[in-house]
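Subject: A two-chain model for you to explore

Hi there,

Here is the structure I promised to pass on. Please open it in your viewer and keep it beside this email while you read.

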Amino acid sequence: MEREITIALSGNPNSGKTTVFNAITGARQQIANYPGVTVEKKFGHIRHKDSDIEVVDLPGTYSLTAYSLEEIVARDFLVNERPDLVVDIVDASNLDRNLYLAVQFMELGIPLIIALNMVDVAESRDIIIDHRQLSALLEVPVIPMVARSNKGIQELLDKAVEITGNDPQWRPAVISYGMDIDQGLNKIEAIIKTSKVYDRKYPARWRALKCLEGDSQIKELLKRDPDLGEKIDGICRKIFKHIMDTLEEEPEGIIADHRYGYITGITKKTVKRKIESRLNLSDKIDRVLTNRIIGPLIMMALLYSIYVFTFSASEAPVIWFEAFFDLLKRATVSVIPEGNLQSLIVSGVIDGVGGVLGFVPLIMFMFFSIAIMEDSGYMARVAYMLDRVLRWFGLHGNSVMPLVISGGISGGCAVPGVMAARTLRDPKERIATILVVPFMNCGAKLPVYAVLIAAFFVEHKARMLFILTLLSWAFALFAAKIIRSTVLKGPKTPFVMELPPYRLPTLKGLLIHTWERTWQYIKKAGTVILGFSIILWLMMTFPGPSVEQSNFFGDQRKQLERSFLTSPDVRKLVKDEKDLAELNGLYNSYVQAMKKNDTALLDNLSTRPLSFLVRTVFFLESGKFSGQEADGNHLNAAARYINYLREMIDTDVREQQAALKGTIAGWIGQRLETITRPLGFDYRTNIALVGGFAAKEVVISTMGTAYSLGVVDPDEPGSLSERLRNDPGWDPLLAFTLIIFTMLYVPCIITVIMIRKESSWSWAGFSIVFNLVVAYLVSLVIRQGGLFLGLGV
Amino acid sequence: MKTVIKMREMSDNQEGIIKKISTTGEMGRRIREMGVVPDTWIQIQGRAPLKDPVAIKIRDYILTLRNNEADHILVEIDEPG
């Protein structure tokens, strides 16, 4: 008979829950979010013995209270969706604590199977569990398994199909929490059962228990029946006072103590162990890796090697991606005629999407490295060692990885950095971390630094970069301190954290982890970024030059042409516009042929009528000359031609400049001058900074256009550096101000979108405003302070 | 001779039995759900480079706590001498 079953997979963090989920579902996994929250919901479908089984992976939790998002999500899922069965993954080598969650499922009464995972690890530590007796005492089926090597998975599924076939009912377990609480529970349970208002979703006894524990969510639900709610509340208050008076504890604490008492009673009867006096392997590793002196050194070395690995391993694929998009651009240019459509597709769509996909190899290797750190258990040690430092700034030990990835060692990227902040459980600490990681020196800021350093600080290059690295850490940490003592004010969350035993990660687990996160990145960033890059392209293109402007530059070109053609020396050789077009074409071909050293083509070109003039031009330009000596007439004509070419290029550049000034971005840049004047930025820098919102390296290419250089390649910024050094409006202080402004101002669009995906639109907006304000204030102090002290001007 | 001290005051590798958890609210709850309840055996495993947090062995696993959290956990130890 065909049946559909839903199984919820649950368990403590580090219990091997993900391994079990992967072993059951294989590659057939889907990821969504639980409604309204950012908690991930993973699920998969399989067929087993004529049953369609949907497996839902609940968030890993230690308990089922209403205090953490994950726990509420898990609880709501169980109560509202009513899965047919919960499979609780229990780490056999750490049985007591893992059973604490199992006991809470038993209290809830939902049909349950305990999957006793990692029995091999337990046995290797001389912990032998009698799983039959454990099952008998708990009255819950127990399936021993080793999920890593697929042992026990089939048995688990068999059992799941068997149990759900009997249409099991919810049956809350009755556990004793001491006389006072037990009596109170009975009383409240009886009252709840009389109510006609309460729904039947939650078992009455469980509701009573949660009420005594002070569970806010359940208390709220009980108020739906005002009379009974009042009555129940009175009983709870009485018991609370009584327990506090007699035991000096809250009922909640007493209940937890009794749960553990119940567990200890059962494990004493079912677990045989040798007294563990020797250090196990994991302890021995910890003696070295968390050693007070060499521990931090090894950590630094490991973090550094991850960074080196990620960036060197992704170097080649990044180049392939770039080459691919380059090819695509060239294909587009050859198919679509020049104009706005071509520009939109090349500069808007391909550059925008290419920008996102260009990060993919980087993100893949980064997540692969993080997955190794996480799956092996080392990440928890990093947090443990650095917690004391980061706590002072209102962050958490787990904040270190996002900071490093984002450019803690210059050259990272804030996009995977923001995503890496997921390891932080407390929302305030997580958002604070997300908000400050864009201050780190990511790879896209480096070309900007490179240009400005080459222009003004060339003799202190290395020292300058080192100072900038330190500054970015300082800004990020102090910004965190400010955020955590204002908008995200709140108590430090307890650092009650497990150091899981070291484990060798499985390749399958690593690959699934990596792929999952990479795919999410592509999906999330890819869709939104396309829209944004088109908007930015529109801003830098429209409304564009007016008709008069275009006519003006057109006229100027014609005039240059006329004055070139009418000069006497030229007239003898180049008679009309047709000859001039021929000359232009021939000169270009000749330059190309000389570059490639193509002798066949050169020979071919030298038979053409104007070839002698072209060679003379080339000689004057480069000093290389072949063939007979030029006469005076040719020399004069060649000199005029060179002059003509220069003026034409100059006109092009001025037209580009005027066009840029006439766009929305240009308009914004000019309007911003009022605000940016105290910083020393003129409209050209402002336009570049507006463009930098797309990606920080755009600052350089846009400055190139604005500073009349035509197109500047961010990888070869030499000419722009020279131009800035010789510009009277620029000085070292201004360059330093711009460096700091670039370091701190708005995160790039992709990062902003990631912030929104990881938190909300309001935090993404806050991030933009906050960073702008910080950047402005810091730059203002630097510029005005520097001017006052007369530094670097 | 047995005596009760705060967990923060214990030295590395020292063992003892938890007697009381003198904190409520979120911290009390988080500590308890990790198995830190009275009558449980613990041993100090080590401390982070800046002497905080502290790592303890409890119920077959390693748990880390900050010193200000360890202040609320009272442990009975064998006093030397």
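Buried area is the accessible area (1.4 Å probe) that two parts lose on being put together, summed over both. This is a predicted model, in which local features need pLDDT of at least 70, side-chain atom pairs count only at pLDDT 80 or more, and totals for chains, interfaces and linings use all residues. Residues are numbered from 1 along each chain as its sequence is written, chains are lettered from A and ligands numbered from 1 in the order in which they are written, and side-chain values use heavy atoms, with hydrogens and water left out.

**Where the chains meet**

How much area do chain A and chain B bury between them? The value is about 3,700 Å², with 49% of it on carbon and sulfur atoms. On the chain A side, Arg292(A), Tyr384(A) and Val496(A) supply 20% of the area buried against chain B, more than any other three residues. Contact means heavy atoms within 4.5 Å, and here it takes in 45 residues of chain A and 38 residues of chain B.

There are also 20 residue pairs in polar contact across this interface, both residues being at pLDDT 80 or more. A polar contact is a pair of N or O atoms within 3.5 Å; within protein, one must be able to donate a hydrogen and the other to accept it, and residues adjacent in sequence count only if both atoms are side-chain atoms. Several elements of chain A give two or more residues to the side that touches chain B, among them helix H3 (95–108), helix H17 (378–392) and strand E10 (497–499). Helices (H or I, at least four residues) and strands (E, at least two) are DSSP runs, numbered from the N terminus.

**Salt bridges**

Side chains of opposite charge can pair when their charged atoms come close. A salt bridge is a side-chain nitrogen of Lys or Arg within 4 Å of a carboxyl oxygen of Asp or Glu. The structure holds 40 of them over all chains, and 11 are counted between chain A and chain B.

Because Asp387(A) and Arg391(A) are four residues apart in helix H17 of chain A, about one helical turn separates them. Both are buried, where buried means under 20% relative accessible area, exposed over 50%, and partly exposed in between (1.4 Å probe, protein chains only).

Asp52(B) has a salt bridge with Arg388(A) as well, with the closest N and O atoms 3.6 Å apart. Arg388(A) lies in helix H17 of chain A and Asp52(B) in the loop between E3 and E4 of chain B, so this pair joins two chains. Asp52(B) is buried at 6% relative accessibility, whereas Arg388(A) is partly exposed at 31%. Through shared partners, salt bridges join Asp387(A), Arg388(A), Arg391(A), Asp52(B) and Arg66(B) into one network. While you are there, note the cis peptide bond between Asp52(B) and Pro53(B), with omega about 0°.

**Inside chain A**

Is helix H8 (residues 204–212) of chain A mostly covered or mostly open? Mostly covered: nine of its nine residues are buried. One of them is Arg207(A), with a relative accessible area of 2%. Arg207(A) touches Ile192(A), Tyr198(A), Asp199(A), Tyr202(A), Ile218(A) and Leu222(A), leaving aside residues up to four places away in sequence. After the helix comes Gly214(A), with a positive phi near 80°.

A nonpolar core is a set of buried Ala, Val, Leu, Ile, Met, Phe, Trp, Tyr and Cys residues joined through side-chain atoms within 4.5 Å. The largest one has 99 residues, of which Leu403(A), Met703(A), Leu724(A) and Trp730(A) touch the most other members. A second, separate core has 70 residues, including Leu58(A) and Val73(A).

Asp50(A) is partly exposed at 48% relative accessible area, and Arg82(A) is partly exposed at 36%.

Enjoy exploring!
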